[in-house]
Every structure is written in structure tokens, then in C-alpha cells.
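Here is a brief report on charge pairing and surface patches. Start with the structure itself.

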Amino acid sequence: MIYLDNAATTLKKPDCVVAAVTEALCNMGNSSRGTHDSSLKSARAVFAARSSLAKLFNAPGPEQVVFTQNSTEALNMALCGLFCKGDHVITTALEHNSVLRPLYRLEDEGVISLSVVPADRQGRPDYDAFSRLIRPETRAIVCTHASNLTGNVMDLERVGAIAKSHGLLLVVDASQTAGAYPIDMKRMNISVLCFTGHKGLMGPQGTGGMCLARDVRIRPFKVGGSGVQSYSRAHPAEMPTRLEAGTLNGHGIAGLGAGVDYILEKGVDAIHAYEIALAKHFYEGVRDIPGVTVYGDFTNWNRTAVVTLNIGDYDSGAVSDALWEDFGIATRPGAHCAPLMHHALGTAEQGAVRFSFALFNTLDEADAAIAAVKELAQCD
Amino acid sequence: MRLKKPRLIVTFHTTTAAMGMEIACSRAGLPGRLIPVPREITAGCGMAWCAPPEAQADLEAFVTKENITTAGWYELTL
């Protein structure tokens with residue numbers, strides 16, 4: 001199999017991740033639930049993962065790193081815990097449903113009003129619209145760092161500067177970039193950075209979290225067991241316990257920590273350069289094939305390693321299925337949970353076929369994918 | 001039960017702060033280990049740093065230097 005669906009989840013994990021999860025399953029107790037060796041092993045692994053993530057994202061410190069099940073949970077916690085009745089929020093057409101649906105729900109419940117920064121046919125956001133849409137009651141900008149459909153990267157330094165100059169919170173969905181593209185919370189003025197563990201961070205599924213700037217306070221989504229302050233009626237107010245109730249996914253977090261350490265050792269810039277070289281090779285191999293339409297902005301390579309295309313007017317699901325059945329190539333067709341982006345690209349009905357590359361892919365695999373697209377396009 | 005002796009106990013608001021103390025002290029070669037918070041301080045659960053009382057001055061200076069947030073300092077016979 002040639003696995004090119006890394007934007008959904010990275011299939012191949014570093015050996016150190018597998019080893020860390022195995023070690024955790026065999027030897028780790030419950031973090032923050034005692035001081036015997038098994039419990040402390042878990043607490044140490046969790047703390048180490050917090051510290052590594054804080055370093056990777058230049059977050060204020062390990063106590064500002066909160067673990068969740070995935071990005072969606074982190075985004076729900078952040079969005080539902082930050083906004084009050086009357087707040088106005090700005091988001092973008094690049095968003096995944098993990099951002100859009102919590103915001104739509106808050107809008108439908110009459111809590112917030114919502115404005116959407118549009119995108120053009122290449123999937124590029126209208127940056128001028130951020131400032132244009134700001135109102136006196138605007139509280140936050142909520143945006144992705146990169147489109148999961150096109151691979152276009154949002155200029156977060158630019159958006160962060162707009163947010164800072166207007167005193168707005170900036171909530172970022174880093175599902176597509178964490179571990180695969182440089183992120184600096186302080187330089188980008190990010191208030192809340194939501195990430196998932198199983199994509200670019202190369203950890204297990206069921207891991208993720210968020211990093212909070214020091215001055216950001218989120219109402220807890222859940223309260224309960226914390227391992228501290230047990231006779232208090234209220235859940236502890238201190239971070240990160242404030243936003244973590246119940247037993248953490250210690251086994252998964254141990255693997256996530258190993259993945260992050262692997263990335264820190266390799267360097268995000270080096271990983272991005274390798275992945276982009278594969279994506280660029282693939283893009284250059286398919287862009288001029290008759291009948292092939294590639295979506296997104298390829299005027300520069302400050303993007304993620306995603307190349308999304310269609311062949312003629314074939315259903316994207318049929319193309320993806322042929323790639324799998326006839327060539328053993330795994331891709332992702334359909335809507336990618338990104339409805340506004342598909343509307344902007346004009347692909348709402350056809351969908352599109354996404355090829356997404358990661359660190360363990362090779363040039364030979366990219367060549368095989370190019371050959372497969374050529375062959376399918378010839379049948380058009 | 002074991003023989004009781006004077007001990008310095010440092011408490012924290014969160015497990016994360018307690019783990020930060022353990023890592024930092026380990027790196028700096030300062031004495032102590034994590035224990036359950038004694039009931040003389042608070043009933044319930046949680047972790048505390050337990051060290052010889054004579055290490056208090058060094059630990060206080062270290063915690064200030066490292067910006068580690070503590071909840072309380074106690075000397076108990078445990």
C-alpha cells in the first residue's frame with residue numbers, strides 16, 4: 001500500500017512512539033493518582049509531554065498545555081468556554097467542521113453572532129476582510145492554520161497582528177500543521193492553539209489538546225476527579241487541572257510525547273522541507289496532465305504537503321476508489337468536512353481527491369501516484 | 001509503622017506543579033521525593049515534596065529562582 005492520507009491521520013509512526021506506548025501499557029499507572037512508582041511513571045510521562053509540546057509551540061509553559069481527546073474536543077472546549085452572550089466572532093471559509101459546527105451551534109443558540117472571511121477560487125482567504133468585519137462587540141478570530149482541503153497556509157503572523165491591534169482573542173486550529181509546519185504562539189499572538197496528536201505529531205489517535213496564552217481563561221467544559229483538592233466542592237481553578245477532569249489518556253500521551261520529542265530532534269523545518277519536496281514533485285507531475293484540475297494556491301510553497309485534484313468530472317469517490325483498487329494508493333475523496341472551502345473552490349458536488357504526504361513517504365511513492373493519475377486521466 | 005522524624009513538606013495546587021518540582025530538583029541535585037499530601041496539611045489526595053528540614057533554605061531559593069508555584073511549606077514529624 002502507498003499511504004497518502006496523512007492529513008487524516010499519519011499511518012506510520014516512529015519506532016519510539018510504538019515503544020513508548022508499549023512501555024506505558026505495561027508499566028504505567030494513573031497519573032496524579034498517588035505517589036507509588038507506577039503512578040509517578042505516568043505523571044512523569046504526562047509532564048514530559050506537556051513540556052515538549054510547550055517547547056514545540058513556544059507556549060508559556062507546561063502548565064498551559066491541556067490534554068484532550070483530539071482537536072475537535074479542544075476546539076469545543078475553547079469555543080464553548082470563551083464566549084458569552086452578545087459576542088461577535090470572525091471565522092473563515094477555510095475551516096473544518098470542527099470549527100464551524102461549534103460556532104454555528106453557538107450562533108443558533110443566540111450566544112454569538114458570526115462573520116465569515118471569504119476565500120477565492122484558489123482557496124486564499126481575503127485578509128482585508130478580517131479588519132473590515134470587526135465590530136465593537138467582536139471578541140475573537142477563530143481560524144485554521146492550514147486548509148485540510150487545499151494545504152494553503154493561513155498567514156498567522158498577519159492575522160495575529162490584526163487580533164492584537166484590536167484586542168481580540170485568536171483561537172487557532174492547528175490540526176493540519178502541528179508538527180509539520182512551524183508554530184510560535186508568542187510570535188503569532190495566539191491565544192488558544194488547538195492540536196491533534198495523531199497527524200503531524202505522529203502520536204496515537206485519542207490524543208490532542210490545547211495550549212493557552214497566560215492570560216486566557218476558559219470555563220471548564222467538564223469537572224470531576226482531579227487527584228487534588230478532593231474535598232473542595234469546586235473543581236481546581238489552577239491550570240492545567242482546571243480544564244482536565246477524569247483520568248487522562250496516559251498511554252496515548254506517552255506515545256504523543258515520544259512523537260513530539262522525535263519531531264524536536266528532527267526539526268520541524270527539516271520535516272516540512274522533506275514533505276514539501278514530495279508534494280512539489282507530485283504536483284509538478286500531475287498539474288499538466290490533460291483533464292486534471294489541481295486546487296489551491298501553488299504560487300509559493302509555504303503550505304502543507306497536500307495536493308488535491310479532480311480528473312475531468314468524475315466523482316472524486318470513484319477516482320479515490322480506483323486509486324485504491326487498481327493501484328493500492330490510499331487517498332481521501334469527498335468533502336473533507338470542509339463545506340465552505342468546497343463551495344469556494346466550486347467542488348461542492350464533485351468533491352475532490354486529496355493526496356497528503358508525510359515524513360515516511362518516499363519519492364518512489366510520489367512517482368507511483370503520478371503514474372496512477374496519468375493512467376486514470378487517460379481513461380477519461 | 002516506621003519511625004517518625006522531622007520532614008519538610010512542600011505542597012502544590014496541581015500535579016503539574018509537583019512534577020515540575022521533581023524534575024527541577026532532580027536536575028539540580030536537590031534532595032526530596034514526592035509523597036501523598038499528609039492529612040496534617042489537608043485531607044484528600046494530591047502530591048507533596050518531602051525533604052530533610054535542613055534543605056529548606058536551599059529549596060526556597062531554588063523554587064524562587066525556577067519560578068515554581070507552591071501552595072505551602074510545612075515542617076512535620078512524619
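## Salt bridges overall

In this predicted model, 15 salt bridges are counted over all chains.

## A buried pair

Asp5(A) and Arg354(A) join their side chains in a salt bridge, with an N to O distance of 3.3 Å. The pair links distant parts of the chain, 349 residues apart. Asp5(A) sits in the loop between β1 (2–3) and α1 (15–27) of chain A. Arg354(A) belongs to strand β12, residues 353–356 of chain A.

Are these two residues, Asp5(A) and Arg354(A), buried or exposed? Both Asp5(A) and Arg354(A) are buried. Each therefore has under 20% relative accessible area.

Asp126(A) has 27% relative accessibility, so it counts as partly exposed. Arg132(A) reaches 57% and counts as exposed.

Asp128(A) and Arg158(A) form another salt bridge, at 3.7 Å from N to O. This pair links distant parts of the chain, 30 residues apart. Asp128(A) lies in helix α5 (residues 127–133) of chain A, and Arg158(A) lies in helix α6 (residues 156–165) of chain A. Asp128(A) is exposed because its relative accessibility is 51%, and the cut-off for exposed is over 50%. Arg158(A) has a relative accessible area of 38%, so it is partly exposed.

## A network with both chains

Which residues are joined into one network by salt bridges that share partners? They are Asp37(A), Lys41(A), Arg44(A) and Glu22(B). As a general point, side chains of opposite charge can pair when their charged atoms come close.

## The negative patch

Asp321(A), Glu325(A), Asp326(A) and Glu375(A) form a negative surface patch. Helix α9 of chain A, residues 316–327, supplies the largest share of this patch, three residues. Glu325(A) lies in helix α9. Its relative accessibility is 57%, so Glu325(A) counts as exposed.

## The nonpolar patch

Helix α9 of chain A also holds Trp324(A). Together with Met1(A) and Leu11(A), Trp324(A) makes a nonpolar surface patch of about 330 Å².

How is Trp324(A) classed, with its relative accessible area of 39%? Trp324(A) is partly exposed, because that class falls between the buried limit of 20% and the exposed limit of 50%.

Conventions:
Residues numbered from 1 in each chain as written. Chains lettered and ligands numbered in written order. Predicted model: local features only at pLDDT ≥ 70, side-chain atom pairs only at ≥ 80, totals over all residues. Heavy atoms only, no water. Patch = residues over 30% accessible without salt bridge, like charges linked within 9 Å, V, L, I, M, F, W, Y side chains within 5 Å. Areas by Shrake-Rupley, 256 points an atom, 1.4 Å probe, with all protein chains shown as cover. Salt bridge = Lys/Arg side-chain N within 4 Å of Asp/Glu carboxyl O. Lys, Arg positive; Asp, Glu negative; His and termini not counted. Charge placed at Lys NZ, Arg CZ, Asp CG, Glu CD. Helix = DSSP H or I, 4+ residues; strand = E, 2+ residues; numbered from the N terminus. Buried < 20%, exposed > 50% of the residue type's maximum accessible area, 1.4 Å probe, protein only.
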